[in-house]
2 protein chains.
Amino acid sequence: MGTQQLETVPEPKYWHLRTVLSEALDSEFSVGEILPNERDLAARFGVARATLRQALEQLELEGRLQRRRGVGTTVAPPRVGVAVGTTEQHVWPGAAGDDWQPVDSTLEAPPAAVAGVLETGAEELVHLVRRSRVTHGQPVAAELLYVPASSVPDLSAIDAPAGAARARAVLRELQRLALEGQERAVELGSARADDAKQLDRLPGAPVLVVTTRYFAEGGRTAAVSVATYRADTCRLTFGDSGGVEIHEGPERQAS
Amino acid sequence: MGTQQLETVPEPKYWHLRTVLSEALDSEFSVGEILPNERDLAARFGVARATLRQALEQLELEGRLQRRRGVGTTVAPPRVGVAVGTTEQHVWPGAAGDDWQPVDSTLEAPPAAVAGVLETGAEELVHLVRRSRVTHGQPVAAELLYVPASSVPDLSAIDAPAGAARARAVLRELQRLALEGQERAVELGSARADDAKQLDRLPGAPVLVVTTRYFAEGGRTAAVSVATYRADTCRLTFGDSGGVEIHEGPERQAS
DNA sequence: TAGTGGTCTAGACCACGTA
DNA sequence: ACGTGGTCTAGACCACTAT
């Protein structure tokens, strides 16, 4: 990645720069390596720092770079394949062998959007179970699981234990219900302040929001989960193996 | 949304602005309504245009706004639920009733990343079928479907017809194979120049990339599809109904 | 304390859609 | 021709991390 002048082309400078940097990453850098700082890079390419940053932002969005304030910009490893439930087999959250760690749980009034999906009315309280998911030592997702109190009627007595213990109790009660089906949706969002902290990112960081509806007997919605995955580091897989290597290598998203 | 001074808070101005605007959108604007232009808005909130734009970018990423050069910024409708295959039922692309329109098809050497997934070796040619998906009159996705020539051996004779007709021929041949399974992955990407044009967005626009591997008899990878969905307007659904309304309404992503 | 990325400013000009 | 959002500049200062 030498000192280069950008050609005069009709495409935006930052976009061209993104391509040039992307190719440099493929050929001249290895995973974990530290890039020159933004001021130096901008000077090398003869652009303003803001323009250089626009290119870096793109590459970070694509999972090619990782930037940390006070530290620097490093070449990111390939995205982690994260299994989001096998498509054939429907299981309750908290079933044996899932990768989630219960954090805590409280009894709250559901947000309006959630109350609409749970057909229980906005007045009925729900157990809010917070969980987090860690893969390869890195936090990749934060989940809010909403379980209407009516779905786990035997739980009311066990209100005492707080924190993770309480979360586990709610999940344990869930397993006792018959699971008839589930329904998933994936969309792009931006991390709220609390999610961002849990995922070790800044607020507004791009996230993949996976919403799952769990149906119990009679088609009743027994629980709703809203899971927030780091979009920069995760590839969500919906199959039986989580290790499909596509979109890696030199031309993953080259223009 | 009156002329307001931003409080002096420790959170970034653009983030606070995003929240303020988000609440204004919920309470004072309706879908399709045009916002004041960026220069006016920036002046109203007493910030530089670049800062205001940072807030608008966030809201556009979250699917709340739609910005078009030369036109203006409008309030976006709720995201469209786009069914990405029912999870229980595996079908070949191009099966009766799918929402894709064949565009054209060529015979090419596969990109390295694709060749790795198809276990056919990098030398063997593949049929590249281009398709596009339209929902509610809007283009929502562009697909590149890679079919190794060996998967559709009877096709070699029909090399003559070009364009959509050729694409349909490849898809028709595919249906004759037995489909043993499929495997999906979803990740965030940015639109390449050609995808961007097809999706009516600028290059670099955020997209959800859905990669699907189709397995034929013996676990052989018979085809690979890379579909690029507009991240701002789409919510990908993996269930039997595509109309789950969650994450809509006032508190969809409020901080 | 030094160096990094993150935020913010006040301008300028360009590309595009519409009238 | 005009108004819109998109790009770009050259600075300044802040927040954070490591030494």
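Modeller: A residue is near a molecule or strand if one of its heavy atoms lies within 4 Å of it. The model is predicted, so local features need pLDDT of at least 70 and side-chain atom pairs pLDDT 80 or more, while totals for chains, interfaces and linings use all residues. Residues are numbered from 1 along each chain, chains are lettered from A and ligands numbered from 1 in the order written, and side-chain values use heavy atoms, without hydrogens and water.

Colleague: Which residues come nearest to DNA strand C?

Modeller: There are 26 residues around DNA strand C, and by class they comprise 8 nonpolar, 7 polar and 11 charged residues (Ala, Val, Leu, Ile, Met, Phe, Trp, Tyr, Cys and Pro count as nonpolar, Asp, Glu, Lys and Arg as charged, the others, Gly among them, as polar). Those that come nearest are Asn37(A), Arg49(A), Arg53(A), Lys13(B) and Thr51(B).

Colleague: Which element supplies the largest share of the surface near DNA strand C?

Modeller: Elements of both chains supply at least two residues each, including β1 (65-68) of chain A and α1 (13-28) of chain B (helices are DSSP runs of H or I with at least four residues, strands runs of E with at least two, numbered from the N terminus). The largest share, 4 residues, comes from α3(B).

Colleague: At what angle do helices α2 and α3 of chain B pack?

Modeller: Glu38(B), Arg39(B), Leu41(B) and Ala42(B) in α2(B) meet Arg49(B), Leu52(B), Arg53(B) and Leu56(B) in α3(B), where contact means heavy atoms within 4.5 Å. The axes, lines fitted to C-alpha atoms over the stretch in contact, are 9 Å apart, and the angle between the helices is about 105°. That makes α2(B) relative to α3(B) roughly perpendicular (65 to 115 degrees), at about 105°.

Colleague: With which side chain does the side chain of Arg53(B) make a polar contact?

Modeller: Arg53(B) sits in helix α3 of chain B and is partly exposed, with a relative accessible area of 29% (between 20% and 50%, for a 1.4 Å probe and protein chains only). Beyond its neighbours within four places in sequence, Arg53(B) is in contact with Glu38(B) and Arg67(B). A polar contact is a pair of N or O atoms within 3.5 Å, within protein one able to donate a hydrogen and the other to accept it, and residues adjacent in sequence count only if both are side-chain atoms. At 3.0 Å, the partner side chain is that of Glu38(B).

Conventions. Axes are lines fitted to C-alpha atoms, for helices over the stretch in contact, and angles run from 0 to 180 degrees between N-to-C directions. Angles under 35 degrees count as roughly parallel, over 145 as roughly antiparallel, 65 to 115 as roughly perpendicular and the rest as oblique.
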